[in-house]
Amino acid sequence: MSGNTELSALFDRGYEHGFVTDIESDTIAAGLDESVVRLISARKREPKFLLDWRLRAFAHWRQMREPHWAHLHYPPIDYQAISYFSAPKPRGDAPKSLADVDPKLLETYAKLGVPLHERARLAGVAVDAVFDSVSVATTFKSRLAEAGVVFCPFSEAVHSHPELLEQYLGSVVPYTDNFYATLNCAVFSDGSFVYVPPGVRCPMELSTYFRINAANTGQFERTLIIADAGSHVSYLEGCTAPMRDENQLHAAVVELVALDDAQIKYSTVQNWYPGDAEGRGGIFNFVTKRGECRGRNSRISWTQVETGSAITWKYPGCVLRGENSVGEFYSVATANNHQQADTGTKMIHIGANSRSTIVSKGISAGHGQNTYRGLVKIMPSAHGARNFTRCDSLLLGSQCGAHTFPYLESRNALATVEHEASTSRISEDQLFYCQQRGLGPEDAVNMIVSGFCREVFKELPMEFAVEAQNLLAVTLEGAVG
Amino acid sequence: MNAPLLQIDDLRVSVAGTAVLHGVSLTVRAGEVHAIMGPNGSGKSTLAHVLAGRPGYTITGGAVRFDGTDLLAMAPEERARAGLFLGFQYPVEIAGVNNAYLLKAALNARRRQRGEAEIDAFDFLNMVRAKMRVMQIDEALLTRGVNEGFSGGEKKRNEILQMLVLEPRLAVLDETDSGLDIDALKVVGRGINTLRSPDRAVALVTHYQRLLDHVVPDQVHVLARGRIVRSGDRELALELERRGYDWLLEAAAAVA
């Protein structure tokens, strides 16, 4: 097709968030041993139960081996070359208000479009901004407090709600779960904590922007969200990281617990630095996300738009323990240039009449490799369980790949499981049709890709659906060939 | 007589190394309706696609001017914005892309070209609804994916709807009549006639003369083996209906 060269020439607006904020960081020297784990815990003045838990995880991690079953190729990670803690140095004391926060930091957030100040109120968004490892600004805590909702940095919850942490931490993702999650348990630095009391509908969307800034710093944040009986909460995380030639490790853990009749909607827009066009640099994103529908009629819904990272390894899943509980997974994952994504979900049906829906949209471009890997497991107790899975792949160009690995284990004859899959290309016919109606090739591609992703985008909170669509447009700009 | 809107001079085109058009010349003036007829494989659709700038064709000779400018130098979307519309023989499905969304994006692209502001959403909807009634298209199709799950007839009527909304200067309709039943043909014919005006032109690419009962052409051309072998008025189409194409093909072969 003659338009190809022109299309390629349009490629690459580049990574818009690749700036480095020049602030003094307080970083522990690279390397990992028990003393580092103790140091992190001591810095945060953690109670003994938490230190003990970290140490048990660390001891366990030392026995574990890095997994290599995913369809991913990357150089070995030297875990001793990483610094496990980095905090922006406070000027004097810790910031008490936004006025105390380093203006450069605020500038960074402005560039990212994080709505602080009044913008946040207008947008109805409360932001718990995590900068490297320490939360520096938390907004709207008071309005949430009126509703009884706890939304704070993880390190604060350690002191304000230790009893909730002790009860729920590690109850969905145990410290023995997997190599990266176990590492996170040992060295996690901060993250977000949410507790929604019985019967409360959280009055606003909760949102956290994560950002990796310091070079050679792994980021190991942890999020724990507890929706008590009959409560309802929607949470969005957005991620961005600066441009660097070396790879950076990101190994987060997210745990969700939904009790009777509770609902949690967790949306992710992941835009970590993907590396350059030749595959240099970029984030290694090894993330464990799991929710447990512990109560009857509970519902957990994961929606993710994964456009960034050099490597993505994540399988947000649901343990459907409660009767009539519902798990949902809606995903758009893109792999452009040399990006590799191995992502999907796990739906574990335990409760009777539990239901799950999986909709996965994979987009591959350039040399990108995109893999859907999903497990649907129906336990003997899950009478009447139902699952519906649909995996669609869209290829842009001839050098990328799409792979689908659906695993199904049904141990209950009364369960219903459906699976549909498709792979397609943006056809020249579609492109030409749009151009003939006056759209430029880029707009045409964006429109076709958005159409492909529509089922997932409509699950995102409104204000983020637009952002996700724009992000996708930037990520795939001109990636047709 | 009006200045030529479309002027094709000795156009030669090949596809994958095989010559398909061997020197086609044609002049279409504003206000005129031309019918381009011919047997299968004569190059009719190639001509329509080349005018719209579809990739995959090599221009080996000749020139095409649209409203005085070099059409072949323009990108497909530039041709569209300048007012050249192609009604597709096989309109493509685009899953998940709202029909109204594409239509509005297309209209705004055209308006920007003319230096006009984007159309107000309310005005757009009213205008489109009125034109849908002309084309007897169910309003529900507006919110469906582009051509997604449309019947053959719905797709063709949707093409004409797009044409009516975009109000092109030149509409090239590639076998819009194929696969239509009698009633749908009447509706499509009415739609095309709605567009007729002294400053617009229509080129109907068709296999049969039955559409010409509804849209009466000013000129009829017969394309065969990559050449225009005969031009005439409406009578020529009726003669083709009676005699078929063979007598013209034989005559063309004798000349060649």
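The residues lining the second largest cavity divide into seven nonpolar, two polar and three charged, where Ala, Val, Leu, Ile, Met, Phe, Trp, Tyr, Cys and Pro count as nonpolar, Asp, Glu, Lys and Arg as charged, and the others, Gly among them, as polar. This is a predicted model, in which local features need pLDDT of at least 70 and side-chain atom pairs count only at pLDDT 80 or more, while totals for chains, interfaces and linings use all residues. Residues are numbered from 1 along each chain as its sequence is written, chains are lettered from A and ligands numbered from 1 in the order in which they are written, and side-chain values use heavy atoms, with hydrogens and water left out.

On a 1 Å grid over the protein atoms alone, a cavity is a set of points where a 1.4 Å probe fits but cannot get out, a pocket is an open set with protein on both sides within 12 Å along at least five of seven lines, and lining residues have an atom within 4 Å of a point. The second largest cavity holds about 70 Å³ of space, and its lining includes Gln436(A) and Arg437(A) as well as Leu84(B) and Phe85(B). The largest share of that lining, three residues, comes from α3(B).

The helix α3(B) also gives the most to the lining of the second largest pocket, with eight residues. That pocket has a volume of about 760 Å³, and of its 28 lining residues, Met447(A), Ser450(A), Gln469(A), Tyr101(B) and Ala105(B) lie nearest its centre.

Technical notes
Grid points are joined across faces, edges and corners, and a volume is the space filled by probe spheres set on the points. Helices (H or I, at least four residues) and strands (E, at least two) are DSSP runs, numbered from the N terminus.
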